[in-house]
Amino acid sequence: MNTENKAKKSDTLRSYIKRNIVAQEWYGIRTDLFRFMQTCIKEGHFTQTEQNRYEELLDDFGRFENAIEDNPGLNDTFKQTAYEELSLLYGLHHFVLKYGSDESKTRPLIEMMQETLSKCKKIERIYWGQ
């Protein structure tokens, strides 16, 4: 494997993204999506309006999938981070579509959201040591 395509041990995700515009855009949407999820978790509810917002943010996040995969300027560590996080968020999306408007499922949905967010943060720690 090309050593240029690996993240340097001293790189953090935040410092790495500064070198690529696609990564910067992806990280900005990721930050908005994670903040939105944290707000839903903190407030303990997930209304139809919030479901629509989640889907909008996820669509924005997902549109970078091909751009990241095909971008030779991004290293494998970044690509793997983006892929794994997007996979988790799409998995959560399945439950949002299925149960999002069912008020009796709000608590389990919020718990799944919290677990997904926790796993995304764990992925960052694994790949970027944060």
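Guide: In this predicted model, helices α2 and α3 pack with their axes 9 Å apart, at an angle of about 160 degrees. An angle over 145 degrees counts as roughly antiparallel, and α2 and α3 are therefore roughly antiparallel to each other. The crossing in which α2 passes α3 is left-handed.

The residues that form this contact can be named on each side. From α2 come Trp-26, Ile-29, Arg-30, Asp-32, Leu-33, Phe-36, Met-37, Cys-40 and Glu-43. They meet Glu-50, Arg-53, Tyr-54, Leu-57, Leu-58, Asp-60 and Phe-61 of α3. Sorted by class, the contact of α2 with α3 holds ten nonpolar and six charged residues, and no polar ones.

Helix α3, which spans residues 48-62, also packs against helix α5, residues 76-99. The axes of α3 and α5 come within 11 Å and cross at roughly 150 degrees; this pair, too, is therefore roughly antiparallel. Here α3 passes α5 in a left-handed crossing. On the α3 side, the contact is made by Gln-51, Tyr-54, Glu-55, Leu-58, Phe-61 and Gly-62. The residues of α5 that take part include Leu-86, Leu-89, Tyr-90 and Val-96. By class, the contact of α3 with α5 has nine nonpolar, three polar and two charged residues.

In soluble globular proteins, nonpolar side chains tend to be buried together. The largest nonpolar core in this model has 34 residues, of which Trp-26, Met-37, Phe-46, Tyr-54, Phe-78 and Leu-89 touch the most other members. At least two residues of this core are supplied by each of α1 (13-17), α2 (21-43), α3, α5 and α6 (106-128). The largest share, eleven residues, comes from α2.

Leaving aside neighbours within four places in sequence, Trp-26 is in contact with Leu-13, Phe-61, Phe-64, Ile-68, Phe-78, Thr-81, Ala-82 and Glu-85. Tyr-27 also belongs to helix α2. With a relative accessible area of 12%, Tyr-27 is buried, because buried means under 20%. Apart from neighbours within four places in sequence, Tyr-27 is in contact with Leu-13, Arg-14 and Ile-17. Arg-107, by comparison, lies 80 residues from Tyr-27 along the chain, and the C-alpha atoms of the two are separated by 28 Å.

Technical notes:
Residues numbered from 1 in each chain as written. Predicted model: local features only at pLDDT ≥ 70, side-chain atom pairs only at ≥ 80, totals over all residues. Heavy atoms only, no water. Axes fitted to C-alpha atoms, helices over the stretch in contact; angles between N-to-C directions. Helix = DSSP H or I, 4+ residues; strand = E, 2+ residues; numbered from the N terminus. Parallel < 35°, antiparallel > 145°, perpendicular 65-115°, else oblique. Left-handed = near helix turned anticlockwise from the far one by under 90°. Contact = heavy atoms within 4.5 Å. Nonpolar A, V, L, I, M, F, W, Y, C, P; charged D, E, K, R; others polar. Core = buried A, V, L, I, M, F, W, Y, C linked by side-chain atoms within 4.5 Å. Buried < 20%, exposed > 50% of the residue type's maximum accessible area, 1.4 Å probe, protein only.
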